[in-house]
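User: I'd like to learn how to read salt bridges in a model. Can you walk me through them here?

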Amino acid sequence: MIETAMRRAVAESANARGSSSPNPPVGAVILDADGMVVGVGHTQPPGGPHAEVMALRAAGDAALGGTAVVTLEPCNHTGRTGPCAQALIDAGVAAVHYAVTDPNPTASGGAQTLLDAGVEVTAGVLAGVVEAGPLRAWLFRQRHGRPMVTVKVASTLDGRIAAPDRTSRWITGPQAREHAHGERAAVDAIVVGTGTAITDDPSLTARRPDGSLYPHQPTRVVMGRRDVPAGARLRSGETGFLQVRSHDPRDVLEALPDALRVIVEGGPRIVGAFLAAGLADEVQVYLAPTLLGGGAASVDDGCVHTLTDAHRFERGAVEVLGDDLLVVLHPRTD
């Protein structure tokens, strides 16, 4: 019962990805005294209620004597909102089960507060599942002090992102593009270079298949020293725009102090720069069943001169998206 509720809490936490930053995307489920689900919630945008409070609101009086299942240890501090540990105590829950202990010393300690109030507490429920889920980027930031970086490439089987005449729409099919837009809607920022911004004039918004915008839109970041035209689509709309006038990927990440996850979408030199700097924590390759034999390569890294210099990764997952494949790669640890 508790593990089933935790999996539901993980699924619920996905609704907070991107919008909760810099707070963690947490999911919570409240079970009544009979073990029935009476409340579900996820972290709201900064300044709004945390997951536990949202779930308690949904549960109402049914939380009394019940159980809370939360992906992260309930917080124990007062910031823009009150401590979730105290909210659970005030609601009269009898037990709290959480997956991951909060690594942030400012917010941690909720488990002990709950124990001191006579609440039964269990830690580590499906911790591996939770750490690999929506909470992953926030945990990465806590441990490394920077956003988690995903490098995205959409290419032909021979690694081309455009034909010799520079045509590139569309290399991948609609299902792959739909997936990529869903990923955009779950991150804090998208990074491209000035070459891509000026030549392609992309909007870099997160759009549904019908063209409508997702509620959460990432900040659009341009890396490089050339000016982006005032009329560029990147500058339009309500979505944030930021230009970092540098060729150093570290400067880009430092300019995003609240970001948990960033996607690097190109062009080839920008992708190469993040790889060369050791700042590719994940690579997503959307592969189309197409061969061009010429045209622009997906990666341009002048630091690689021989096979021993190659950036090597291990396969994380492979997903079929229509006729295309999504291959997710993680840095090798050996």
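User: How many salt bridges does the count come to?

Analyst: A salt bridge is a side-chain nitrogen of Lys or Arg within 4 Å of a carboxyl oxygen of Asp or Glu. By that rule the count comes to 11. Keep in mind that this is a predicted model, where local features need pLDDT of at least 70, side-chain atom pairs count only at pLDDT 80 or more, and totals for chains, interfaces and linings use all residues. Residues are numbered from 1 along each chain as its sequence is written, and side-chain values use heavy atoms, leaving out hydrogens and water.

User: Which parts does the pair Glu183 and Arg261 tie together?

Analyst: Helices (H or I, at least four residues) and strands (E, at least two) are DSSP runs, numbered from the N terminus. Glu183 and Arg261 form a salt bridge at 2.8 Å, N to O. Glu183 sits in helix α7 (residues 174–184) and Arg261 in strand β11 (residues 261–266), so the pair ties together parts 78 residues apart in sequence. Glu183 and Arg261 also belong to a salt-bridge network with Arg136 and Glu282.

User: Are Glu265 and Arg184 buried or exposed?

Analyst: Buried means under 20% relative accessible area, exposed over 50%, partly exposed in between (1.4 Å probe, protein chains only). Both Glu265 and Arg184 are buried. Their closest N and O atoms are 2.9 Å apart in a salt bridge. Glu265 is in strand β11 and Arg184 in helix α7, so this pair ties together parts 81 residues apart in sequence.

User: What is the relative accessible area of Arg269?

Analyst: Arg269 has 66%, so Arg269 is exposed. Its salt-bridge partner is Asp300, with the closest N and O atoms 3.6 Å apart. Asp300 is partly exposed at 38%.
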